[in-house]
Amino acid sequence: MTASKTYLVPVDFSKGSETALRHAITLARANNGKLLLVHVVPLVVQFATVAAYTRGELDALARRLKLKPAEYRLLVIERGDAARAIADLAKKYHAVMIVMGSYGRSGFRRFILGSVAERTLRYADCPVLVVKK
């Protein structure tokens, strides 16, 4: 992947992440870039099984959105902190931007559940486009 033209897109299969992916596709195509679709799996016992299933789902999503194989790469990783993992991957792959969805939680729900998007903004060294569904 060309370092300066990688758009990292965390995908959790929510409507928000699909909307973010649609925006990222537009950006990548307009700038002759590529997409790095990332799914962060929490620490689980059967990671290999979960990862294989998730790769299949990511590929199906990419095909449904009419992405060509040359336009994207899939990455499924196992990490306890999704926000830190996303920021670390963006740095590792020299992403020009992280494009991610947000649930738009506020108040007590955000306090209790946290916000991966908000924490990613704090950790990331590159611009982060947060798309709210």
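Me: This is a predicted model. Where does Phe 13 lie?
Reply: Phe 13 is not a glycine, yet its phi is positive, about 70°. Most residues other than glycine have a negative phi. As for its place, Phe 13 sits in the loop between strand 1 and helix 1.

Me: Is Phe 13 buried, partly exposed or exposed?
Reply: Buried needs under 20% relative accessible area and exposed needs over 50%. Phe 13 has a relative accessible area of 38%, so Phe 13 is partly exposed.

Me: Lys 66 also has a positive phi, about 60°. What is the relative accessible area of Lys 66?
Reply: Lys 66 is found in the loop between helix 2 and strand 3. Lys 66 is exposed, with a relative accessible area of 64%.

Me: How far apart are the end C-alpha atoms of helix 1?
Reply: Helix 1 has 16 residues, residues 15-30. At 1.5 Å a residue, helix 1 should span 22 Å. The model agrees: the end C-alpha atoms are apart by 23 Å.

Me: Which elements do the buried residues of helix 1 pack against?
Reply: The buried residues of helix 1 include Ala 20, Leu 21, Ala 24, Ile 25 and Ala 28. Their partners are strand 1, strand 2, helix 2, strand 4 and strand 5.

Me: Which word describes helix 3 relative to helix 5, and what is the handedness of the crossing?
Reply: The axes of helix 3 and helix 5 come within 8 Å and cross at roughly 40°. That angle makes helix 3 oblique to helix 5. The contact residues divide into six nonpolar, one polar and two charged. The crossing is right-handed, and the arrangement is oblique.

Terms used
Residues are numbered from 1 along each chain as its sequence is written. This is a predicted model: local features need pLDDT of at least 70, side-chain atom pairs count only at pLDDT 80 or more; totals for chains, interfaces and linings use all residues. Side-chain values use heavy atoms; hydrogens and water are left out. Axes are lines fitted to C-alpha atoms, for helices over the stretch in contact, and angles run from 0 to 180 degrees between N-to-C directions. Helices (H or I, at least four residues) and strands (E, at least two) are DSSP runs, numbered from the N terminus. Angles under 35 degrees count as roughly parallel, over 145 as roughly antiparallel, 65 to 115 as roughly perpendicular and the rest as oblique. A crossing is left-handed if the near helix is turned anticlockwise from the far one by less than a right angle, and right-handed if clockwise. Ala, Val, Leu, Ile, Met, Phe, Trp, Tyr, Cys and Pro count as nonpolar, Asp, Glu, Lys and Arg as charged, and the others, Gly among them, as polar. The expected span of a helix is 1.5 Å times one less than its number of residues. Buried means under 20% relative accessible area, exposed over 50%, partly exposed in between (1.4 Å probe, protein chains only). Contact means heavy atoms within 4.5 Å.
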